[in-house]
Amino acid sequence: MTFTPDSEATSEEVESRVAETIADNDVVLFMKGNRLMPQCGYSKRAVALIADHVDEFETVDVLPALPEYRAALSERSEWETIPQTFVDGEFVGGSDVLAELEERGELADALTTT
C-alpha cells in the first residue's frame with residue numbers, strides 16, 4: 001500500500017462514498033489503514049474492540065484522501081478525529097468512546113444492529 005499525500009479523490013466523491021458506505025453497512029469503521037493492517041494505534045484499538053463483538057463489519061481506509069474524509073465525516077459526526085464508528089447509520093464514537101463503552105459493559109449493545 002502506498003500513501004499519496006495529494007488525493008485524486010474530490011470532496012464530492014468522498015462524501016458520496018461516506019454516505020453510501022454508512023447506508024450499505026450495519027457497522028462501519030473509518031480508520032487509518034485497514035482491518036488487517038491498521039496504520040495507527042487508535043485504529044488498531046478500534047478494530048480489536050469491534051471484532052470482539054461483531055464478526056462482520058466494514059472498514060474504510062481514509063489515508064488516501066485524509067483531508068476529504070476528515071471533512072466529510074466531521075459533518076456527519078461533529079467529531080474531528082479518526083477512527084470513527086457508525087452503527088445503523090448513527091455515529092457511535094472513536095476508539096476512546098468504544099473503550100469506555102467496553103469498560104462499562106455497553107459496547108456489545110452499542111454495536112448491535114436492528
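1. Leaving aside residues up to four places away in sequence, L29 touches S43, A46, V47, I50, E58, T59, V60, P83, Q84 and T85 (contact means heavy atoms within 4.5 Å). The model is predicted: local features need pLDDT of at least 70, side-chain atom pairs count only at pLDDT 80 or more, and totals for chains, interfaces and linings use all residues. Residues are numbered from 1 along each chain as its sequence is written, and side-chain values use heavy atoms, with hydrogens and water left out.

2. The largest nonpolar core has 15 residues (a set of buried Ala, Val, Leu, Ile, Met, Phe, Trp, Tyr and Cys residues joined through side-chain atoms within 4.5 Å). Those with the most contacts inside this core are V27, L29, I50, F57, L98, L107 and L111. At least two residues each come from β1 (27-31), α2 and α4, and α2 gives the most, with four. Helices (H or I, at least four residues) and strands (E, at least two) are DSSP runs, numbered from the N terminus.

3. A second, separate core of 14 residues includes V18, V28, V62 and I82.

4. In α4 (residues 95-103), S95, L98, A99 and L101 are buried (under 20% relative accessible area, 1.4 Å probe, protein chains only). They lie on the same side of α4 because they cover an arc of only 160° around the axis, taken from the directions from the helix axis to the C-beta atoms. These buried residues pack against α2 (41-51), β3 (84-87), β4 (90-93) and α5 (107-110).

5. Just after α4, G105 takes a positive phi of about 75°.

Definitions and conventions. Buried < 20%, exposed > 50% of the residue type's maximum accessible area, 1.4 Å probe, protein only.
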